[in-house]
Amino acid sequence: MLLRIAMVLLLLQIGSVHASDKAEIGTVLDDLHRYAANANMKAYFSLYNEDAVFIGTDASETWTLEDFKQYASPVFSSGKGWTYTPVERQITVAKSAQTAWFVEMLHSETYGTTRGTGVLVKSEDQWKIAQYHLTIPIPNAIARDVTSTIKAMDN
């Protein structure tokens with residue numbers, strides 16, 4: 001009986017830890033979008049792990065953190081950033097509570113509906129983005145038209 005009670009208490013504790021982690025991760029992602037919209041380069045990049053990767057919408061955009069900083073620097077230096085507003089988000093925390101992954105639907109005035117997916121790692125009790133991948137979801141009804149256009153560009 002005591003073992004059962006201990007197991008239930010342990011499961012409740014793990015659940016509350018994961019809920020706390022999810023809230024912290026949500027804050028990191030909200031800050032990411034806020035800092036980007038405000039062109040706050042220093043704060044924006046402080047949210048990334050030192051060996052993070054950013055994957056953009058173009059097939060050529062798989063950047064190390066330093067490459068991504070070089071891309072973003074002139075944009076942020078001009079006082080402009082990019083604005084993506086979270087509409088929906090799902091966060092999953094691994095049992096170890098050291099890794100998490102997410103998918104978020106975003107709205108952009110420029111691109112409309114977009115999707116961000118990624119991975120965060122916990123280091124020194126702080127969640128950092130290890131990978132962020134921005135995509136433009138293509139409705140199935142127009143997927144062949146879009147991919148035909150891409151294929152034509154590739155040739």
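The expected span of a helix is 1.5 Å times one less than its number of residues. Helices here are DSSP runs of H or I, at least four residues, and strands are runs of E, at least two, numbered from the N terminus. Take α3: its 13 residues should span 18 Å at 1.5 Å a residue, and the end C-alpha atoms are 17 Å apart, so the two agree.

A word on the source. This is a predicted model, with local features needing pLDDT of at least 70, side-chain atom pairs counting only at pLDDT 80 or more, and totals for chains, interfaces and linings using all residues. Residues are numbered from 1 along each chain as its sequence is written, and side-chain values use heavy atoms, leaving out hydrogens and water.

Stay with α3. Leu65, Phe68, Ala72 and Phe76 are buried in this helix, meaning under 20% relative accessible area with a 1.4 Å probe, protein chains only. After α3 comes Gly79, with a positive phi near 90°.

Now α4, residues 140-154. Its 15 residues reach 21 Å from first C-alpha to last, close to the 21 Å expected.

Six strands form an open sheet in the order β2-β1-β6-β5-β4-β3, with mixed pairing. Two strands pair if DSSP finds at least two bridges between them. At the edges sit β2 (62-64) and β3 (85-93), each pairing on one side only. Strands β4 (residues 99-108) and β5 (residues 112-123) run antiparallel, joined by 10 bridges. Ser108 has Gly112 in β5 as its bridge partner.

Definitions and conventions: Buried < 20%, exposed > 50% of the residue type's maximum accessible area, 1.4 Å probe, protein only.
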